[in-house]
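Please look over the sequence and the structure first.

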Amino acid sequence: MTISKETMEQTIQLAKLDYPAEKLELLIKEMQGIVDLVAILDELDTSDVTPTYHGINLESVMRDDEAVNELDQQALLDNAPAQKDGLIQVPNVMSDEGGQA
């Protein structure tokens, strides 16, 4: 693909750039180099390259999450201010009187 002067001027206008006309030829040459490089990269054989989602291998440095029941019911109840029938007793927050929600 060859970049024409008209295409470059239209691109500059669409991008709303203020680019000096005397440097237009240099810009066309640089953009043509980029387009040629992309065309070369498009022709590369990547059939033996494994697809990746990240540039480096991401491995968790955290330990595996294992469920462990280390809580002792009696130790918890000993710390509670009130207990009843093996459960922590809390103050009643609901009134016995009917009310509107």
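Q: Is aspartate 85 buried or exposed?
A: This is a predicted model, in which local features need pLDDT of at least 70 and side-chain atom pairs count only at pLDDT 80 or more, while totals for chains, interfaces and linings use all residues. Residues are numbered from 1 along each chain as its sequence is written, and side-chain values use heavy atoms, with hydrogens and water left out. Buried means under 20% relative accessible area, exposed over 50%, and partly exposed in between (1.4 Å probe, protein chains only). Because its relative accessibility is 73%, aspartate 85 counts as exposed.

Q: Where does aspartate 85 lie, given its positive phi near 55°?
A: Aspartate 85 has a positive phi although it is a residue other than glycine. Strands (E, at least two residues) and helices (H or I, at least four) are DSSP runs, numbered from the N terminus. On that basis aspartate 85 is placed in the loop between strand 1 (83-84) and strand 2 (87-88).

Q: What is the phi of lysine 16?
A: Lysine 16 sits in the loop between helix 1 and helix 2, and counts as exposed because its relative accessibility is 75%. Lysine 16 is not a glycine, yet its phi is positive, at about 55°.

Q: How far is the backbone nitrogen of isoleucine 3 from a polar atom of the side chain of glutamine 32?
A: Glutamine 32 lies in helix 2 and counts as buried because its relative accessibility is 16%. Not counting residues up to four places away in sequence, glutamine 32 touches Met1, Thr2 and Ile3. The distance from the backbone nitrogen of isoleucine 3 to the side-chain polar atom of glutamine 32 is 2.7 Å.

Q: What distance separates the C-alpha atoms of alanine 80 and valine 35?
A: Alanine 80 is found in the loop between helix 3 (73-79) and strand 1. Alanine 80 is buried because its relative accessible area is 15%. Alanine 80 and valine 35 are 45 residues apart along the chain, and their C-alpha atoms are separated by 73 Å.

Definitions and conventions. Polar contact = N/O pair within 3.5 Å; in protein donor to acceptor, adjacent residues only side chain to side chain. Contact = heavy atoms within 4.5 Å.
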